[in-house]
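Biologist: I have not looked at this structure before. Could you show me how to read its sheet and the surroundings of its ligand?

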Amino acid sequence: MQPEQPERGKETGWSSSQSPLRRALSATLVYLVAGIIWITFSDRMVEIWFADPRSLSAMQTWKGFLFVVVTALVLFTVMLRLLSKDRLLLSLQLDQRRALRQREQQLRVLMDNLPGMAYRCRNDDSWTMLFVSGGCEPLTGYLPDDLINNKLVSYASLMDPDAIEQVSEEVAIAVRKGRSFSLEYAITRKDGRKVWVWERGCGVEHDDGSVFLEGIVLDISDRKQLETELEEMATRDPLTGLLNRREFSRVLEEELERARRYERPMALLWIDFDHFKDINDSWGHAAGDTVLCAVSEILTDRVRSVDSVGRFGGEEFVIVLPEMDVEGARDTAERLRQRVGNAPIPLESGHSVPLTISVGVAVYPVHGHTVDTLCSAADKAMYQAKMQGRNCVAMAQPIEPVHNET
Ligand SMILES: Nc1nc2c(ncn2[C@@H]2O[C@H](COP(=O)(O)OP(=O)(O)OP(=O)(O)O)[C@@H](O)[C@H]2O)c(=O)[nH]1
């Protein structure tokens, strides 16, 4: 949208028929006509009325005086009007300049005290900055001059390459639709530290049709950190840091869906500590917590990065093993059982606590087709292991017939 052009007449206070040249020509013409009429007719009148040569000569002199006085008065009035107008315009200009300076100063103070960086940049690949407020240094570590016209670095070079692509896309859409954009992305400061920023801006079109971007960038690292912590709290078990029941169920559902889609096996291990109550009773609850954490670490360290370990509550742990068939799952469960059983857990007091685990194993699609049936099969298998004397691995019962399951 083109900005409204002020009319020339409005700007100067004159209509177009009142240009300075026309006004000057009109005034001169009026003066010439009046002068010629005056000279022609006044001489005639004086000659008619004063036949006596002496009186005629005196009247001619007075007539000359009268002409000079009248033209002097007209000149005085015109000059006074013009000079007063000039003076008024000058003082108006001075007032406007003073107000503009004051507003600029207020704006600068406001921008420099913003909790972030205000900017104006070209809509190019480097986001070439044309103006940045004083908030640039606390935010990026660079001085405003370092960024302006990409003198030292371009703003785009502070962003992650994948973020640039996404940000450019969103900005382009917003500019095309004439809307403002709101973005969150990470930048790398001069000291190498990553900070999360929130940016809000819009495209501003200039008279020549070129588009500039103007907006503000704020540091939201604290908020991001808080969000991460809240997410951790919502998905992790606070004691062991493993996935909590809700998050593990979500992961299990996801892995099962993938296994179904690609027709691959997937195993579920259900792990329960043997006689854990005795450890709590003998060594205290804090020691029990230490044992829980230590075993969590053992389990996490001894599975693949694609596997997920969760704590279902108490001393019950679950592990999902994607792409793992019955044999592989039995071997993994056995390996974990042996590792836990063979290495007593050291306590802060210097003592070591021996611990064994019972493991139930269920594998998709052999022992169940849904999360519920697999969990139930693995849980039953774990109780089977308890029944068999604990410290052992038990496999779930294969389902029959397979097509009865949903
Ligand atoms: N220290 C500690 N103990 C816990 C925690 N959650 C559950 N427990 C304890 O775990 C014990 C579980 O006891 P039981 O269900 O009787 O099972 P067990 O003693 O392991 O015996 P079996 O499972 O039959 O071998 C209880 O004493 C609970 O208090 C925890 O977060 N920290």
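Modeller: Take the sheet to begin with. Strands of a sheet pair through backbone hydrogen bonds, either parallel or antiparallel. In this predicted model, 5 strands make up an open sheet, ordered E2-E1-E5-E4-E3, with antiparallel pairing.

Biologist: Which strands stand at the edges?

Modeller: Strand E2 (129-132) and strand E3 (181-188) do. Each has a single partner strand, so one side of each is left without a neighbour in the sheet. On average, and ignoring direction, neighbouring strands of this sheet are turned by 30 degrees against each other.

Biologist: How many bridges join strand E4 to strand E5?

Modeller: Strand E4 (residues 194-205) and strand E5 (residues 211-219) run antiparallel and are joined by 9 bridges.

Biologist: Now the ligand. Which residues come nearest to the ligand?

Modeller: There are 16 residues around the ligand, and Asp274, Phe276, Lys277, Gly288 and Gly314 come nearest.

Biologist: Which elements supply at least two residues of that shell?

Modeller: Strand E6 (266-273), helix H9 (276-283) and helix H10 (285-301) each do. H10 gives the largest share, 4 residues.

Biologist: How do the residues of the shell divide into nonpolar, polar and charged?

Modeller: The shell around the ligand has 7 charged, 5 polar and 4 nonpolar residues.

Notes: Residues are numbered from 1 along each chain as its sequence is written. This is a predicted model: local features need pLDDT of at least 70, side-chain atom pairs count only at pLDDT 80 or more; totals for chains, interfaces and linings use all residues. A residue is near a molecule or strand if its C-beta atom, placed from the backbone, lies within 6 Å of it. Ala, Val, Leu, Ile, Met, Phe, Trp, Tyr, Cys and Pro count as nonpolar, Asp, Glu, Lys and Arg as charged, and the others, Gly among them, as polar. Two strands pair if DSSP finds at least two bridges between them. Axes are lines fitted to C-alpha atoms, for helices over the stretch in contact, and angles run from 0 to 180 degrees between N-to-C directions.
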